[in-house]
Amino acid sequence: MEETYKDRTSLVKGAKDIAKEVKRQAVKKVNKAVDKAQDGYTQRSYNRFQDEEDDDDYYVQGGNYGVEANDDEGSSEATEGHDEDDEIYEGEYQGIPNMGQGKDGMVAFGQPMRDEYKDRHELETERKADEEELAQQYELIIQECGHGRFQWALFFVLGMALMADGVEVFVVGFVLPSAETDMCIPNSGSGWLGSIVYLGMMVGAFFWGGLADKVGRRQSLLICMSVNGFFAFLSSFVQGYGFFLFCRLFSGFGIGGAVPTVFSYFSEVLAREKRGEHLSWLCMFWMIGGIYASAMAWAIIPHYGWSFSMGSAYQFHSWRVFVIVCALPCVSSVVALTFMPESPRFLLEVGKHDEAWMILKQIHDTNMRARGQPEKVFTVNRIKTPKQIDELIEIESDTGTWYRRCFVRIRTELYGIWLTFMRCFNYPVKDNTIKLTAVWFTLSFGYYGLSVWFPDVIKHLQSDEYASRVKHFHNEEVSHFVFNFTLENQIHSNGQYINDRFIMMKFKSVTFEDSLFKNCVFEDITSLNTYFRNCTFVNTTFYNTDLEQYKFVNSELINCTFFHIRTGCQISFDDDYSAYWIYFVNFLGTLAVLPGNIVSALLMDRIGRLTMLGGSMVLSGISCFFLWFGTSESMMIGMLCLYNGLTISAWNSLDVITVELYPTDRRATGFGFLNALCKAAAVLGNLIFGSLVGITKAIPILLASTVLVCGGLVGLRLPDTRTQVLM
């Protein structure tokens with residue numbers, strides 16, 4: 001069997017060598033004629049589209065685009081390139097030439113070469129010319145379809161997906177304190193929750209962006225949002241910290257594909273004069289997601305009474321309710337996406353003319369009916385489709401089993417995504433990719449470094465103020481007294497408590513030092529940050545308390561009894577001012593983005609993307625620098641709101657520039673790579689800024705200010721895309 005396979009392989013190789021030799025000999029005689037024909041075709045194509053405002057150049061009788069469109073142009077993927085006269089080989093391996101096709105296989109003098117006689121460079125040159133022709137024609141088609149009900153419906157559907165991405169970013173910071181307490185997470189493991197989500201988003205942005213250029217924008221977005229919704233819901237019910245990290249990792253992996261796919265999808269149904277403004281309006285949903293997360297956290301998490309337990313093994317606290325509520329935008333977007341079509345521009349790019357034409361007709365008819373003009377006819381009959389270049393895939397002989405087929409398919413798709421990514425560094429988009437990389441990294445590093453970890457700055461200021469208001473009690477002697485009230489932010493030193501009863505009390509940030517407790521009773525006690533240091537307990541009873549051994553630091557317990565001790569981490573107090581304050585601060589910071597969103601949307605097409613990008617980043621860097629001089633919470637919050645309001649214009653313009661600088665066949669891949677880089681910069685910024693927040697605030701703020709200004713200057717070197725059609 002192996003010898004037969006080797007013989008057939010040798011035969012195939014020999015046939016390929018013969019075909020190459022025939023090609024060289026035939027092409028050598030007709031190169032001049034072919035080049036002349038191709039030059040004439042290219043010149044006619046460019047002459048037809050050199051005047052964008054002359055619509056008559058695109059119409060012939062019957063309203064067709066493209067006067068000289070061939071019959072095979074725009075054919076569906078299933079029929080293109082499969083004419084019987086074009087087939088050279090027959091047989092199982094398609095490698096054995098048919099002897100009866102010798103004369104038909106010759107290249108006639110003066111006729112263009114068929115695709116099988118052209119090398120890859122020639123095919124790619126023809127495809128590039130087709131893509132340039134399609135870009136001009138597609139812009140006119142979208143203008144004919146108009147801007148109306150269809151675009152607004154898609155606007156809200158994609159907005160829900162973008163809102164889910166904004167929610168995911170804020171969920172981590174809001175859930176982290178409660179999850180740490182509920183799951184008894186040690187300080188060494190608390191940083192993993194924030195980092196693991198960004199790691200998932202980083203990988204997801206690259207993967208789903210690349211997949212959107214392979215299988216379609218709608219299909220990729222549906223899958224990634226479904227993954228996010230499923231694991232987000234699952235994470236609210238799991239109990240173990242490891243499983244919770246696993247769920248949040250895949251939740252982040254799913255939502256990572258939202259931003260690159262959403263912007264690529266929406267930009268391809270917008271006309272040039274509408275693209276900048278409406279993509280900026282779409283960015284507002286990210287702000288709405290942040291406001292939604294802040295409001296829900298403010299309303300739900302501090303209500304610790306919203307909880308239940310099933311024994312001691314299963315605890316469901318209010319922060320888990322918050323996680324479920326935050327998954328609702330994702331679920332809504334998945335349901336709505338099932339009613340939306342695929343991007344017609346993507347379908348044309350992959351040669352699916354008929355499907356793209358039907359969707360464009362649907363867009364036209366939907367908008368015309370909404371305008372009260374249902375009688376207006378969609379006049380486009382033929383659309384230019386780029387030449388499709390077949391990719392050769394090596395299929396191994398042992399792929400008969402299902403898992404081998406799945407493995408080969410996955411490997412092929414991943415390799416295709418990698419090849420598309422590498423093309424982002426080819427001419428003519430290489431320079432743009434490098435500049436965009438610098439701008440995305442600096443903006444993300446500065447923004448997330450200050451905004452995501454900003455609650456820690458507020459906590460640090462609050463803890464300093466809280467510590468300054470501590471009350472000290474020395475040499476107390478209390479006997480036969482019943483304590484049934486709350487003790488908070490107190491230090492008791494050298495006290496003596498004889499025959500006292502501590503019943504139904506709450507200790508919050510209370511420390512007893514060098515004190516004696518004799519014949520006392522502690523019953524129904526709830527404590528937080530409470531410790532007994534160098535104390536002595538004699539004949540003391542503890543009943544239904546959470547006073548575990550680690551709270552008795554260097555203390556001596558003589559003849560003491562413990563009943564029904566509550567172990568583990570407890571979420572207790574009914575109201576927590578600091579929690580309310582953190583959520584309120586984030587709510588204000590997110591709401592401050594609204595004016596910047598409105599200004600950027602109104603001015604995006606008037607002053608240009610580059611002016612807005614560079615100016616916004618430079619001004620953000622300056623406002624960030626002034627945070628250095630903030631000496632109070634109110635001043636810091638005010639400067640934070642100003643910083644967020646200025647930064648959002650840079651984000652909006654950067655999103656618009658990114659989708660306009662990449663061609664359709666690598667738009668989502670390039671956007672996904674840059675968005676993945678954004679998440680990596682966010683993690684780096686969190687680590688650096690978080691390690692310095694308790695030491696000094698000067699270095700992080702100065703660092704963020706510097707990188708934002710430098711990134712803005714690089715952004716000014718990008719090409720202006722305001723007057724360009726979508727490539």
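In which strand does Val-521 lie? Val-521 lies in strand 12, which comprises residues 521-528, where strands are DSSP runs of E with at least two residues and helices are DSSP runs of H or I with at least four residues, both numbered from the N terminus. The structure is a predicted model, in which local features need pLDDT of at least 70 and side-chain atom pairs count only at pLDDT 80 or more, whereas totals for chains, interfaces and linings use all residues. Residues are numbered from 1 along each chain as its sequence is written, and side-chain values use heavy atoms, with hydrogens and water left out.

The chain contains 21 helices and 18 strands. Of its 727 residues, 50% are buried, a term that denotes a relative accessible area under 20%, with exposed meaning over 50% and partly exposed the range in between (1.4 Å probe, protein chains only). Among contacts (heavy atoms within 4.5 Å) with a separation of 6 or more, 67% are accounted for by residues 24 or more positions apart.

Around Val-521, contacts beyond the neighbours within four places in sequence are made with Asp-500, Arg-501, Phe-502 and Thr-541. The C-alpha atoms of Val-521 and Phe-542 are separated by 6.1 Å, although these residues are 21 positions apart along the chain.

An open sheet of five strands has the order 6-9-11-14-17 with parallel pairing, two strands being paired if DSSP finds at least two bridges between them. Strand 6 (477-479) and strand 17 (556-558) stand at the edges, and because each has a single partner strand, one side of each is left without a neighbour in the sheet. Neighbouring strands of this sheet are turned by 5 degrees against each other on average, with direction ignored, the axes being lines fitted to C-alpha atoms. Strand 6 runs parallel to strand 9 (residues 496-498), to which three bridges join it, and Glu-477 stands opposite Gln-496 of strand 9.

Side chains of opposite charge can pair when their charged atoms come close. The structure holds twelve salt bridges, each defined by a side-chain nitrogen of Lys or Arg within 4 Å of a carboxyl oxygen of Asp or Glu. One of these joins the side chains of Glu-268 and Arg-667, with an N to O distance of 2.7 Å. This pair links distant parts of the chain, since Glu-268 is in the loop between helix 7 (258-267) and helix 8 (272-300), while Arg-667 is in helix 20 (residues 667-692), 399 residues apart. Glu-268 is buried at a relative accessible area of 0%, and Arg-667 is likewise buried, at 0%.

A salt bridge also forms between Arg-275 and Glu-660, whose closest N and O atoms are 2.8 Å apart. Here too distant parts of the chain are linked, with Arg-275 in helix 8 and Glu-660 in helix 19 (residues 633-661), 385 residues apart; both residues are buried. In the salt bridge between Lys-361 and Asp-365, the closest N and O atoms are 2.8 Å apart, and because these residues are four residues apart in helix 12 (residues 353-370), they are separated by about one helical turn. Lys-361 is partly exposed, at 30% relative accessibility, whereas Asp-365 is buried, at a relative accessible area of 18%. Salt bridges that share partners join Asp-213, Arg-217, Glu-268 and Arg-667 into one network.

How values were computed. Axes fitted to C-alpha atoms, helices over the stretch in contact; angles between N-to-C directions.
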